[in-house]
Amino acid sequence: MTNHIKPAILMLLFFTVLTGIVYPLAVTFCAQIVFPSQANGSFLGSNEQPLGSELIGQAFNRPEYFWGRPSATSPVSYNGGASGGSNQGPTNPVLIDSVKARIKALRDADPSHSEAVPVDLVTASASGLDPHISPAAASYQINRVAKARHMSTDSVRELVDRYTESRQWRILGEPRVNVLKLNLALDQRLK
Amino acid sequence: MTANGLLQIALYFVALLLLAKPLGVYMAAVYENHPVFLKRILATLETGLYRLSGVKPEQDMGWKDYAAALLWFNLFGGLAVFALQMLQAYLPLNPQQMGNVTIDSAFNTAVSFATNTNWQGYGGETTMSYLTQMIGLSVQNFVSAATGMAVLVAMIRGFQRTHADGIGNFWVDLTSGTLYILLPLSFVLALVLVGQGVVQTFKPYQTVPLVEQGRVGNAVLPTIDELSVGGHEKHVPTLPSTQTLALGPAASQIAIKQLGTNGGGFFNANSAHPFENPTPLSNFLEMLAILLIPAALCHTFGTMVGDPRQGWAILSAMTLVFASLLFVTVGAEQGGNPALTALGVEQSVGVDQSGGNMEGKETRFGIVNSALWATATTAASNGSVNSMHDSYTPLGGMIQIWLIQLGEVIFGGVGSGLYGMLVFVLIAVFVAGLMIGRTPEYLGKKIEAFEIKMAAVVILIPAFFILGGTALAVMVEAGKTAVANPGAHGFSEILYAFSSAAGNNGSAFAGLSVNSSFYNIALAITMLIGRYGIILAVLAIAGSLAAKKTVPTTVGTLPTHTPLFVMLLIGTVLIVGALTFVPALALGPVVEHLSLAAQHLEQ
């Protein structure tokens, strides 16, 4: 039985070198040549002055910006260094209170609006970094953003439409709006 | 369900079943030592490795010898991961200067990755250095998967051989699985994932200024200039003006994490994290990778025993159970949370939103892709997530727990799923034998007392540790204080944790704070016995079968490739799973479902 100790150690060393060093280095090498932007985090803007990653959402609270999904990361929302969801169960009173507060915040920011709120706008995402909202959640906020920016709702809607992504290959996933890109476009910082 | 939802699910099944056949046949060729293309290229590397480590590849091992080699290898693998975590602060490739991991957490994680569980009591981007992730966790992702596949192949040899002493050579099976199956598949998948936006870099975490600066509500945000002189502590420390994004060599690890039914995320949010799973296409491929090898191994089995219909029968049984439970999950999640409807939340599905229970789910995946992933990852013992299972509706969550409790045999882990299912096959033919009064046979082997005893061990080990562990945890203070959600849901969190550990799944109702000595140690023991106890029993069955003669098929032999047998097999799995676990499930998800329904009945 002890005759297996030597092969066990040497095999482990070999596979550590092969799958733990050679393999990730080979993937990194190829990835940095073929997909340099994606491999490094899909940052918007220039290398010297990145505007954020198009894949990672940011916190928006002011009325003139579109708001993203609520984020449960700690100690601050949209913490890119510590992802995670709320893990609140469906009957948890804390979840119910949080949703109430989020609905109130949305209504306070736009008192003229009293329709039912799209669910993704008041529930925390799984990663806490969700860069997207549903097109319904974007539509819900157009009135508020237009008013805060003294723009016409039509011109805001036009921008929303431009940053609405359909399903990948028209089949996969769900239609969605990239909140960071849309807000950068509103600020005219996106070329 | 919407037409598009059905289409996405159909596409998934078609891709899975189309790819499984050729991959399964290829894997059979690899394990039967046929000169496949890759083997011819890497032959010198392989023989060099054997010579270096003193392995004689032609030497057949008896089942005890095979088990000993496996256990030594896994022991050293676990020790290496443990040591790396305890020393990572002093080692290179640690740009975020992560400290050493606490001893109980390091022990839990070492066991978790060696056993192919990938239970994570820690958060990846806040705990592990790049080096630990690469040469500790990634390596175990490969070799723990190859270990499971090796045990399966050894068991298949038990059916193939007659009057044989040996069931193969562990070192050769381990090397074949890693070198010719897992490594090439992972390399291709990793590169495609990077193309979709999964990060693969050794740069430190990147800090960017936030777009929204200044006033938030009534609080005053510091400007970037104030931040840079360190003045922010005096202002409002909770409202930052920058965001730091975790990066790392993630794609290479994510590819094998999905393919090897490992499931341990590079980041805390696992495949919900946009850097780990950025697009619907990356999501589709990662989901496909969860079930690909477990499904393909059914064909490997059929090919190796010389009767492809036997592989098809098992694959059909797995697919039928999986598909039925999938539709329950999708239905439950699409239905949404009645407590939110009452508050004025729009949860119905439409062209511009997926609706449903979106707490803990990502917009790009919506309901269908979250539910599909959750069902696949718990059917297989993968355990990666693209949504937070803790926030599922009571019924959606119950399906996840039950799929794990069925013994991780509906696809299950790579290798481990099929060897577990073959144990259920033995029980099914034994039950059928009792009904018709004949000695049970499977593939020409008489199934006798020894095999059935070992099969009982395989079924009893997880049942004992799931129910016993949960009972222990709800009795001690250290078990109860970890619960995040009140009421029945808190019980479900604990039940899920022990099911996940015993089934070597690794997913969680993650609200449970498991990074404590009690859970780290209790779950590590559960993972160890849930993995190696079952492997020992399976190898014992393999050894016993290999030594038997093959009896000829007669008109009295129960055919095991017919729809009737598929139904018998499904019935065996479901009845064992239901009888063992329904009482426990009744205390958690069922109670929660009924209370939720009762509260909102009048609305």
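**Salt bridges, a helix and an interface**

Glu54(A) is partly exposed, at 28% relative accessibility (buried means under 20% relative accessible area, exposed over 50%, partly exposed in between, with a 1.4 Å probe and protein chains only). The model is predicted, so local features need pLDDT of at least 70 and side-chain atom pairs count only at pLDDT 80 or more, while totals for chains, interfaces and linings use all residues. Residues are numbered from 1 along each chain as its sequence is written, chains are lettered from A and ligands numbered from 1 in the order in which they are written, and side-chain values use heavy atoms, with hydrogens and water left out.

**Exercise on a pair in chain A**

Find the salt-bridge partner of Lys181(A) and state where both residues lie.

Solution. Start with the place of Lys181(A), which is helix α6 (residues 179-186) of chain A. Helices (H or I, at least four residues) and strands (E, at least two) are DSSP runs, numbered from the N terminus. Next, list its contacts (heavy atoms within 4.5 Å): leaving aside neighbours within four places in sequence, these are Leu44(A), Glu54(A), Tyr163(A) and Leu190(A). Then apply the salt-bridge rule, a side-chain nitrogen of Lys or Arg within 4 Å of a carboxyl oxygen of Asp or Glu. Lys181(A) forms a salt bridge with Glu54(A), with 3.0 Å between the closest N and O atoms. Glu54(A) is in the loop between β2 (50-53) and α3 (93-109) of chain A, so the pair links parts of the chain that are 127 residues apart. Finally, check accessibility: Lys181(A) counts as buried because its value is 18%.

**Exercise on a pair in chain B**

Say which parts of chain B are tied together by Lys548(B) and Glu448(B).

Solution. The two side chains meet in a salt bridge at 2.6 Å, N to O. Lys548(B) is in the loop between α20 (517-547) and α21, and Glu448(B) is in the loop between β5 (445-446) and α17, so the pair joins parts 100 residues apart in sequence. Lys548(B) is buried at 13% relative accessibility, whereas Glu448(B) is partly exposed at 40%.

**Exercise on a helix**

Describe the span and the cover of helix α15 of chain B.

Solution. The helix runs over residues 394-405, twelve in number, and reaches 16 Å from first C-alpha to last. This is close to the 16 Å expected at 1.5 Å a residue, where the expected span is 1.5 Å times one less than the number of residues. Eleven of the twelve residues are buried, among them Met398(B), Trp402(B) and Leu403(B). What covers the buried residues includes α12 (308-335), α14 (366-379) and α17 (449-475) of chain B. Just after the helix, Gly407(B) has a positive phi of about 105°.

**Exercise on the interface**

Describe how chain B meets chain A.

Solution. First, count the contacts: 123 residues of chain B touch 105 residues of chain A. Second, take the buried area (the accessible area, 1.4 Å probe, that two parts lose on being put together, summed over both): about 8900 Å², 67% of it on carbon and sulfur atoms. Val211(B), Glu359(B) and Thr363(B) supply 9% of the area that chain B buries against chain A, more than any other three residues. Third, look for salt bridges across the interface: the rule finds one. It joins Arg364(B) and Asp130(A) at 4.0 Å, N to O. These two residues belong to a network of salt bridges that also links Arg69(A) and Glu362(B).
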